[in-house]
Amino acid sequence: MNIVVCVKHVPDAQADRGFNESDNTVDRAGVDGLLSELDEYAVEEALKLAEASGGEVTVVTIGPDQAADAVKKALQMGADKGVHVNDEAIHGSDAPATSLILAEAIKKATDGNPELVITGMASTDGTMGVVPAMLAERLGLPQVTYASELTLGDGKVTIRRDNDANTETIEASLPALVSVTDQINEPRYPSFKGIMAAKKKPVESWTLADLGIDAGQVGLANAWTKVVEIAKRPPREQGEIVKDEGDGGTKLAEFLAARKFL
Amino acid sequence: MFELSQDHQDFRALVRQFAAEEVEPHVAQWDRDSHFPTDLVPRMGDLGLFGLVVPEAFGGSLEDSDGGSFTNLCIAIEELGYVDQSIGITLSAGVGLGINPILTYGTAEQKQRFLPDLVAGRALAGFGLTEPDAGSDAGATRTRATLDGAEWTVNGAKAFITNSGTDITSVVTVTARTGEGADGRPEISAIMIPSGTPGFTVEAPYHKLGWHISDTHGLTFDNCRVPQENLLGERGAGFKQFLKTLDDGRIAISALALGMIRRMLDESVAYSKTRTAFGKPIGINQGVAFPIADLAVMAETATVLTYKAAWLKDEQEAGRRSVAEVKKAAAIAKLYTSEAAVTATRIATQVFGGNGFMEEYPIARFYRDAKILEIGEGTSEVQRMVIGRHLGLPQG
């Protein structure tokens, strides 16, 4: 089975992340980026399925030049080929526009016939978690989201979704789109051989024109929602120090009670 | 010349991530418990760390390296050493002392028998040269092997042998006297002793100042019998064979020490920004800032010396540089970097003040781990001897 995995290049959460002051979008140039950790689970799941059943794994990403690193990492892990949609007009795109571009890229990469699309459950920067559902809608595919287990068989995909109070087993007919959680597997590290092999794997670089998308459908100016203002949280205030003069326990209880912890 | 290739940098990023995620969270505990993490070895094998200098036929990736395989190995040792020196030396010894002698001198059969498991990290191998009474003076070897029918009978003892007693150690190659040459000098040969051979005893682990996580044992051989075909390489060439692996080992120790210096620099910079005294971060004081600046100079110098030596080694493998050039560069890199590493841990401990003396902080572990770098793979004195010889100074 041929599998498409959508991945995102995000600012490293360990680094000092911020926003562009001019347009309130995420600053992607000023910090080190990496393949979103949540997408590594999607890549791993696709690799396992492809190894078990044969078939190729294609990784698709959208983003500026440095987003190519997310594709590279997935290829180093073992994916077969990559697609990088890179166009200045994409800057500031919201989830509906992102899903539109992904949908067209997936159609082009699979001649209009994706068999299985896997995504992470959310990005680690925007963390909206809505792109998988929008993408499934645009591709006309059944969507099964937040999978913590995934099995294929008889033209169906079956997933387990762990909720707070219960566990659901859901199946959908193929082709389908599945988003996976960080519980589904343990993503592999690339190997030295994987790093060297990745250099020889094909990566398509497409613009909006290649996908037949009008620039007026995407980008910051055409977003359905807009970040109006960003204010940094005030630094945490100095904690309150209570001196124990024999009544420390009482004071602690009073402190907690005042905040409705007791 | 002053930047590693993109491939090297990509590989460095991989080892750095692995070390940060899979090693760092556990090392303090492993160090306290003197625990060798056997399970980590096959995971290092999955990354390809043991196969960097090994041909594909035995599971390695030598052919993929584009002529920079030894440099890649040094990168891996440096990055592991940045997080923990014991894990770094486990790789360094696993490849340099375990795999390399078999790869270089083994018969097709010996290679096929041992290398695939060693490269995959399913097994480790040791090399026994040092004896209780013979260190750098390798010619003073007392361990004896006598050919008795179709078998060698080995008697003697080895000291400080890395990776020799882990649960997955498959074989230890030892040097032994197998006779005397016409000039009366001992004939030294290398013989492979598989783990579990009767008469081969792995002694209790040493109680060491540092490298607590690394597996180190004394070995004794009491009428230990192995088949004649366990001879590794030519009979009588054991010493010469060993000398050829020395330069690799020295550059590897230099890479390990470099990882330590970089760690001391990063830790010191971070601490001096956040730790306050008299209402200000301590880094504001020149008394703190100047030694940290010295650490940066050491890290830079050590980087250049180490990777120049590694590059020369790769170039020598390709037939473009001489063995003598590598020897000199290896001794210079090892001498400078190991001595700088000891100084670096002393500086970092001073920056950390009382906290530097506490095991809750990583500095104390590195402080304990540093000293051996000036001793293993040839002491600083031996390196100076080698450098002096290459300068053409009169030899006694």
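1. B:N223 sits in strand β7 (residues 216-227) of chain B. Strands here are DSSP runs of E with at least two residues; helices are runs of H or I with at least four, and both are numbered from the N terminus. Although B:N223 is not a glycine, its phi is positive, about 45 degrees. The residue is partly exposed, with a relative accessible area of 48%. The cut-offs are these: buried is under 20% relative accessible area, exposed is over 50%, and partly exposed is in between (1.4 Å probe, protein chains only).

2. A word on the basis. This is a predicted model, in which local features need pLDDT of at least 70, side-chain atom pairs count only at pLDDT 80 or more, and totals for chains, interfaces and linings use all residues. Residues are numbered from 1 along each chain as its sequence is written, chains are lettered from A and ligands numbered from 1 in the order in which they are written, and side-chain values use heavy atoms, with hydrogens and water left out.

3. B:F160 also deserves a look at its backbone. Its phi is positive, near 60 degrees, and the residue is not glycine. B:F160 belongs to strand β3 (residues 151-162) of chain B. With a relative accessible area of 57%, B:F160 is exposed.

4. UniProt, in an unreviewed entry, places "Acyl-CoA dehydrogenase/oxidase N-terminal" at residues 5-121. Positions follow the numbering used here, feature names are shortened, and annotations may be inferred rather than shown by experiment. In the model, residues 5-121 of chain B are 73% helix and 0% strand, with end C-alpha atoms 27 Å apart. The record, again unreviewed, puts "Acyl-CoA dehydrogenase/oxidase C-terminal" at residues 236-391 of chain B. That span is 76% helix and 3% strand, and its end C-alpha atoms are 30 Å apart.

5. Helix α9 (residues 362-370) of chain B is mostly covered, with eight of its nine residues buried. Among the buried residues of α9(B) are B:R365, B:F366, B:R368 and B:D369. Their cover includes α1, α3 (69-83), α4 (85-105), α6 (238-274) and α8 (323-352) of chain B.

6. Helix α10 (residues 380-390) of chain B buries B:S380, B:V382, B:Q383, B:V386, B:I387 and B:G388. These buried residues pack against α6 and α8 of chain B. After α10(B) comes B:G392, with a positive phi near 80 degrees.

7. Which residues of chain A does B:D7 contact? Leaving aside neighbours within four places in sequence, B:D7 is in contact with A:M196 and A:K199. Contact means heavy atoms within 4.5 Å. B:D7 lies in helix α1 (residues 6-33) of chain B. It counts as buried, at 15% relative accessibility.

8. Now chain A as a whole. It has six helices and twelve strands. Its C-alpha atoms fill a box of roughly 75 × 45 × 40 Å along the principal axes. Of its 262 residues, 41% count as buried. Among contacts between residues at least 6 apart in sequence, 71% join residues at least 24 apart. An unreviewed UniProt entry lists "Electron transfer flavoprotein alpha/beta-subunit N-terminal" at residues 23-215 of chain A. This span is 30% helix and 27% strand, and its end C-alpha atoms lie 18 Å apart.

9. A:D80 is in the loop between α2 (68-77) and β5 (81-85) of chain A. It is partly exposed, at a relative accessible area of 29%. Its side chain reaches the backbone nitrogen of A:V57 at 2.7 Å. Beyond residues up to four places away in sequence, A:D80 touches A:G55, A:E56, A:V57, A:L75, A:K201 and A:P202. A:K201 is 121 residues from A:D80 in sequence, yet the two C-alpha atoms are 6.5 Å apart.

10. A:M134 is in helix α4 (residues 131-139) of chain A. At 28% relative accessibility, A:M134 counts as partly exposed. Its contacts, not counting residues up to four places away in sequence, are A:A95, A:P96 and A:S99.

11. One cis peptide bond to check: A:L174 and A:P175 are joined with omega about 0 degrees. A:P175 lies in the loop between β10 (167-173) and β11 (176-180) of chain A.

Methods
A polar contact is a pair of N or O atoms within 3.5 Å; within protein, one must be able to donate a hydrogen and the other to accept it, and residues adjacent in sequence count only if both atoms are side-chain atoms.
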